[in-house]
Amino acid sequence: MIDVLVIGGGNAALCAALMAREAGATVLLLEAAPKEWRGGNSPHTRNLRCMHDAPQDVLTEAYPEEEYWQDLLKVTGGITDERLARIAIRESSTCRDWMRRHGVHFQPSLSGTLHLSRTNAFFMGGGKALVNAYYRSAEAMGVQIRYDAKVDALELRDGRFIAARVGDERIEARACVVASGGFESNRDWLREAWGQINGEWVAENFLIRGTRYNMGELLRALIDAGADAIGDPTQCHAVAIDARAPLYDGGICTRVDAVSLGIVVNRMAKRFYDEGEDFWPKRYAIWGRLVAQQPGQTGYSVIDAKAIGRFMPPVFPGVRADSLAELARKLDLDEQVLVRTVDEFNAACRVGHFDHAVLDDCHTEGIEPAKTHWARPIDTPPFYGYPLKPGITFTYLGVKVDEHAAVHFGGAPSPNLFTAGEMMAGNVLGKGYLAGIGMTIGTAFGRIAGTSAARAALVSRAMTPTQTRESHRAVA
């Protein structure tokens, strides 16, 4: 019998598999995707948000625990488990040396655009390189890996893992880590969660930034089996991405980062939210949800020539026009309304010292919604427009865990079933997002889950058959 079964193939699952193997357990990892699509959403990532008290290699200045916690508290609106959040934050300060030992390399962040050199450590080659490094290390260490191995069902007894089923095959293990992602690719579940707004099925217009393989079957199975659920099924990492992006696996290059440098309008050519509320790395993940609440789940980022060169260019070029009226026609918006919206915005701008690197004093007055920072008139041709749709990366509905990453059933931790990554991220992320924190949660709790599963498995392995039966009866 295998010691530790890891279900999933992304960052959290790989961290769990590596830690369990390091602890002396035999490990089998089941990845639902074929080899060429392995890794879940992790290949689309770029960095890890790290706590540090002084400059470290690729990180500048300091990003202490309390500032990290306050940043998280702000974006979640307090919907977070502080104890678990602080575990992830503290783990982020010590995990990079371990990551390097498994082949992950880091590089300095880009300068002048994302302002992340102080808070985030970037992976050399991005998330794809990280995933490949972890798989190479896992294979070298003797972790068994199977692709196209979709787990259809879990066999549980009184909160204890017994076996997993892959088709007609039954796989037993002494302990299990489920890290198979959320349900962002399950259109039916998204429809069920989001329902209708103004007669429209909201989820029908979502694009999936990441993998098509995160269908949430095991999340549903755990909840149906009595695991304690946590989180709101409509809360997710939802970014405003280019509406021309593919349905799946568009990744980070489809994101439109021009939002804070101009205005965003809906299909009626009207603004609906403060584009200058805060720095983009802290607030970019609210815009997918904001666009989702607009008619047709559609928005348009509108900028002028002054903004060019100040944001990360997306893979799709903006729609270009020499006048606002022409831009409206190209975007299929009402010309008069768009021109009026921009004119009213321009008249409300109170331009001080523009500085996109700080919360500057350029703001609007006498207009709703206000733009609180970086407000400059949109008056310099050519003008550009980017059509937007909600891009869902991962969902926050999950199962409740403790500091050992054990799945809870009726308030009690399972003795041998653990979870990590998107399946438990809702414990930390009730809503909102901080750039890089998804990888922080996955890395921290993946490592914890792997260690916990190995400990449970090795204890079980050492028991006599009689002791094992008595242990099972005690749990029951």
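Helix α5 is followed by Gly142, whose phi is positive, near 95 degrees; helices (H or I, at least four residues) and strands (E, at least two) are DSSP runs numbered from the N terminus. The model is predicted, so that local features require pLDDT of at least 70 and side-chain atom pairs count only at pLDDT 80 or more, whereas totals for chains, interfaces and linings use all residues. Residues are numbered from 1 along each chain as its sequence is written, and side-chain values use heavy atoms, with hydrogens and water left out.

The 16 residues of α5 should span 22 Å at 1.5 Å a residue, and the end C-alpha atoms are 23 Å apart, which agrees; the expected span of a helix is 1.5 Å times one less than its number of residues. The buried residues of α5 are Gly126, Gly127, Leu130, Val131, Ala133, Tyr134, Tyr135, Ser137 and Ala138. Here buried means under 20% relative accessible area, exposed means over 50%, and partly exposed lies in between (1.4 Å probe, protein chains only). The cover of these α5 residues includes α1 (11-22), β2 (27-30), α4 (95-101), β5 (120-123), β6 and α12, contact being defined as heavy atoms within 4.5 Å.

Val143 is located in the loop between α5 (126-141) and β6. With a relative accessibility of 6%, Val143 counts as buried. Apart from neighbours within four places in sequence, Val143 is in contact with Ala17, Arg21, Val27, Leu29 and Ala138. By contrast, 32 Å separates the C-alpha atoms of Val143 and Cys236, which lie 93 residues apart along the chain.

Helix α12 is mostly covered, 19 of its 26 residues being buried. At 1.5 Å a residue, these 26 residues should span 38 Å, and the 37 Å between the end C-alpha atoms of α12 agrees with this. Ala449 belongs to α12 and is buried, with a relative accessible area of 0%. Excluding neighbours within four places in sequence, the contacts of Ala449 are Val177, His404, Ala405, Phe418, Thr419 and Ala420. The C-alpha atoms of Ala449 and Ala16 are separated by 5.8 Å, although the two residues are 433 apart along the chain.

The axes of α3 (residues 82-91) and α12 (residues 437-462) come within 9 Å and cross at roughly 95 degrees. Axes are lines fitted to C-alpha atoms, for helices over the stretch in contact, and angles run from 0 to 180 degrees between N-to-C directions. The two helices α3 and α12 are therefore roughly perpendicular to each other; angles under 35 degrees count as roughly parallel, over 145 as roughly antiparallel, 65 to 115 as roughly perpendicular and the rest as oblique. On the α3 side, Leu84, Ile87, Ala88 and Glu91 meet Thr440, Ala444, Phe445, Arg447 and Ile448 of α12. The residues of this contact comprise 6 nonpolar, 1 polar and 2 charged. In this classification Ala, Val, Leu, Ile, Met, Phe, Trp, Tyr, Cys and Pro are nonpolar, Asp, Glu, Lys and Arg are charged, and the others, Gly among them, are polar.

Helix α2 (residues 65-76) contains 12 residues and reaches 16 Å from its first C-alpha to its last, close to the 16 Å expected at 1.5 Å a residue. Glu65, Tyr68, Trp69, Asp71, Leu72, Val75 and Thr76 are buried in α2. They cover an arc of only 160 degrees around the axis, which puts them on the same side of α2; the arc is that of the directions from the helix axis to the C-beta atoms. Just after α2, Gly77 adopts a positive phi of about 60 degrees.

Several backbone features occur in loops. Most residues other than glycine have a negative phi, and most peptide bonds are trans. Asp148, in the loop between β6 (144-146) and β7 (153-157), has a positive phi near 55 degrees and counts as exposed at 56% relative accessibility. Asn198, in the loop between β10 (196-197) and β11 (200-201), likewise has a positive phi near 55 degrees and is exposed, with a relative accessible area of 70%. The peptide bond from Glu368 to Pro369 is cis, with omega near -5 degrees, and Pro369 is found in the loop between β19 (363-364) and β20 (383-395). A cis peptide bond also joins Pro381 and Pro382, with omega about 0 degrees; Pro382 is found in the loop between β19 and β20.
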